[in-house]
Structures are given as C-alpha cells and as structure tokens.
Amino acid sequence: MSKIKNKILKLVLGTLLTFFLTAFAVLPVQAETHTFVSNLQPSWNAVGGGGVWSSYSGYPGYEMVSPGITTLYEGREAGIIKAGLTPEPDGHYWDDGIFAFKPDVTINALASKTFTYDVVNQYGENPVWITIEIDTGEENNRDDNTTYQFVPTTNPTSWHTVDAATGLWQKWDNDWGTVSEAPISLDSVAITHTGLSVVRTYLRLGMGDSYHGALGQGTVAWVDKATLGGVTYDFVVKPAKVNICHLDKDTGTYKLLSISTNAEPAHRKHGDEIPGDNFTENCVKKVVTGQWLLSVNGGMYKHDMFIETQNPDGSLIGTGGYPSDGSYLPGFEWTMDGQLTGNLITITTHYDNGYTATITGTVNTSWDSMSGGNGTGGVTDWIATRVQ
Ligand SMILES: [Ca+2]
Ligand SMILES: [Ca+2]
C-alpha cells in the first residue's frame, strides 16, 4: 500500500517538476497586452469590441443580444452583464449574460499568469463567476471539451478584484453545469490537463431564479476589466468624436479631421475650429476677401472687385472698377462696403461718378462664387467668381 502511495507521490512530484521546468523553460516573459472594449456586442470582431463576445439572452427567443453600453459606473468605465430579468411564463428565470474571451493559451499559461477581474454588483446578490473550456479529447473539437467553473465565495458591495487564479474550480459533469466533484485549485486543473488549450473563458451571470435577486430587480453587474492569458480586456466608454477643421501648416489649408473630444481643447488652442460659424462642413473657411470677377446683367458688365477687409461682424470693405481689365474708365472706379451673414451677402458699390448700386445674393458652398438677382441701380442679375 505504502509502495503504491509512494509511487503516486513520485508521479505527482514528477509531473509537478516537469510542469515547473516546462513552464519556466518554454514560457517567454511577455509584456501584458492591453485591449479596450467600448462596444458590447455578441460578436468576436465588432468594431470596438476588443475581441470580447458580450451578450445577454432571455425569454422568449434566447437570442444573444447586446447587454447594453459601457458606462462610467461608480468611478470606473465598465461593461454591463446581467441576468434574472426576464422570466419564463411559469415565473422562472433562465436568462443569462456573458462576456466570452478566446484566450489562446494553454491551461498551464492561464494558471501561471494573472487571472483577475474587477467587478461590482449594482443589483442582486450573486457574484459574476467564471467558466473555462479546455480542449480535451479530440483537438479543435468542442463537443468533447471539459469545462471548469469558479464561483467567488464572497461578493463585496463595492468595486473589488476577484482573483480567479487562487480560487477553487469545479469540473462540470455535463453541458448543464452539474457539479459533483470536489473543487480543486487552478494549478491542479493545469496539472490534470497539462499542455491543453483553453479555447474559451466566460465571465457569467445566470442562470436560475436566484438571479432575480432578493429585491426582484434581477442581477446587474459591472466589469471594469478582466486580465487573463496575458491580456487585459479593459471596458471603457468610447470617447465621443468631433469633426474639426485642422490647419495644415505646410499647405496653409484646413482639412477635416475626426478627433476625440478629449483632443479638442489642444486643437482649438492652435486655432483649429469645428465646422459652423467660420468653416463649412468641408472645412472651407468662410471668407470672401480676395480678388473677384464681378459680372452683372448677364455678363454685359464685367468688373474687378477686391474685397479687402472682412470684419468679425461680417462687414466688408473693398474697391473695384470697370471694365475688368484694369483700364478703368473715368468715373468707373469704385469703393464698396457690404455685409456677410452666414452665406448671405450684400454689397454696395460707390462709383467715383456718384452712381451706386446694391446687390444681394448667396455665396456657394465652396466659397469661390457668389450670385444673386436684381439689384438697385439697374442691375438685373450678377455673379462673382473668385480670381484669387
Ligand atoms: Ca476537444
Ligand atoms: Ca475599465
């Protein structure tokens, strides 16, 4: 008897020794990867999903749907997980919520690295718990895999870190999660299944009536982040985006950028502006200063027009003359004043010979043309195009 015991002990120690040697020899020291999850979707590759499958499913269809949005909850940016909210017609609760991860590591690596999650319940008493699925049996066949569960024994009411690596794990007897075997450490799980891949890790709430909670509000928990297999999955609130017209100093032109609102103050500090008052949606600056060719009465009279000043209140000052080749006829040089309000423009010309005309119209969206209908002083229509 004692001989057999000794043999078993030696085997166990041998396995342990092999494990430690393997662990230290093979596992490189890796920098931990940090990935952000700002979009909770039942998908492995949703934009902003961070490679995390996030879902809630309940009566009647038990379709997997998004559990909600990431939120700032009690000071931390977190993802929502929930259960016990939607009863069957008989009053029982089989709805559940999951965050699923594909850790892409062996059970040995999972057990040897940080394996924690930061969590708090908003409603309900049951803690967020974990299952891992190990690729036992035929490789890459999930039908014969083995699942272990870890259920935290306490659930503090404020933000706390659950250390799954030091928790006790129980093997599922079947796909329904029946457990009958004694709980074991994660290291023991690793020794039992050494070298095998962990194909899934799930953070879970549900299923069962206890998830409806003592107050009948269901169980809603928030996960700040989870670290497993060398990756930290950090649930974050997606920063809002804003369009800004950014000055390219090399070309002197503005181009449209979509930036985080966090970066907006820095952009504004060096003169960038959001489209609106001073820029069009395409970041064309709403200025009319410069040289224009002003053509009135169906092109019969072509003038030079120089809008020299555009004041912050939209008032305009400039000069001009007829004809547009610069050899202005005596009395046909003029000064102008005007007003720009949005893209509406009014210009009054004051000729040296005492003649005046006022025209009104609109500036086009690329701010290189303006036109209008009848004006005073005999103008029937007009168009001005930017020369420079
Ligand atoms: Ca398998
Ligand atoms: Ca977070």
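Figure 1. Strands of a sheet pair through backbone hydrogen bonds, either parallel or antiparallel. Residues are numbered from 1 along each chain as its sequence is written, while chains are lettered from A and ligands numbered from 1 in the order in which they are written. Because this is a predicted model, local features need pLDDT of at least 70 and side-chain atom pairs count only at pLDDT 80 or more, whereas totals for chains, interfaces and linings use all residues.

Figure 2. Strand 21 (residues 333-341) and strand 22 (residues 344-351) run antiparallel and are joined by eight bridges, with Gly-338 standing opposite Ile-347 in strand 22. Two residues lie between the strands of this hairpin, where Gly-342 takes a positive phi near 65 degrees. Strand 22 also pairs with strand 23 in the antiparallel sense, over seven bridges, and here His-350 stands opposite Thr-356 in strand 23. This second hairpin has four residues between its strands, and Gly-354 in the turn has a positive phi of about 95 degrees.

**Figure 3. Strand 23 beside strand 24.** Strand 23 (residues 356-363) and strand 24 (residues 369-372) pair in the antiparallel sense over two bridges. Thr-362 has Ser-371 in strand 24 as its bridge partner.

Figure 4. Strand 13 (residues 197-205) pairs with strand 5 (residues 96-101) in the antiparallel sense over five bridges, and Phe-101 stands opposite Thr-201 in strand 13. Two bridges join strand 6 (residues 105-106) to strand 13, again running antiparallel, with Val-105 opposite Val-198. Strand 8 (residues 129-134) is likewise antiparallel to strand 13, to which six bridges join it, and the bridge partner of Ile-134 in strand 13 is Val-198.

**Figure 5. The largest nonpolar core and another core apart from it.** A nonpolar core is a set of buried Ala, Val, Leu, Ile, Met, Phe, Trp, Tyr and Cys residues joined through C-beta atoms within 7 Å; a residue is buried if 20 or more other C-beta atoms lie within 10 Å of its own, exposed if 12 or fewer, and partly exposed in between, with C-beta atoms placed from the backbone. The largest core has 46 residues, of which Ile-81, Leu-110, Leu-203, Ala-221 and Val-223 touch the most other members. Strand 14 (residues 219-228) supplies the largest share of this core, six residues. Apart from this core lies another, of 17 residues, among them Leu-294, Trp-334, Ile-345 and Ile-359.

**Figure 6. The surroundings of Leu-110.** Not counting residues up to four places away in sequence, Leu-110 touches Pro-103, Val-105, Phe-115, Ile-132, Val-198, Leu-228 and Gly-229, where two residues are in contact if their C-beta atoms, placed from the backbone, lie within 7 Å.

**Figure 7. Two cis peptide bonds, each in a loop.** A cis peptide bond, with omega about 5 degrees, joins Tyr-59 and Pro-60, and Pro-60 is found in the loop between strand 2 (53-57) and strand 3 (71-73). The peptide bond from Tyr-322 to Pro-323 is also cis, with omega near 0 degrees, and Pro-323 lies in the loop between strand 20 (315-321) and strand 21.

Figure 8. Tyr-62, a residue other than glycine, has a positive phi near 55 degrees and lies in the loop between strand 2 and strand 3. Tyr-62 counts as partly exposed because it has 13 C-beta neighbours inside 10 Å. Asp-104, likewise other than glycine, has a positive phi near 60 degrees and is found in the loop between strand 5 and strand 6. Asp-104 counts as partly exposed because it has 13 C-beta neighbours inside 10 Å.

Terms used. Two strands pair if DSSP finds at least two bridges between them.
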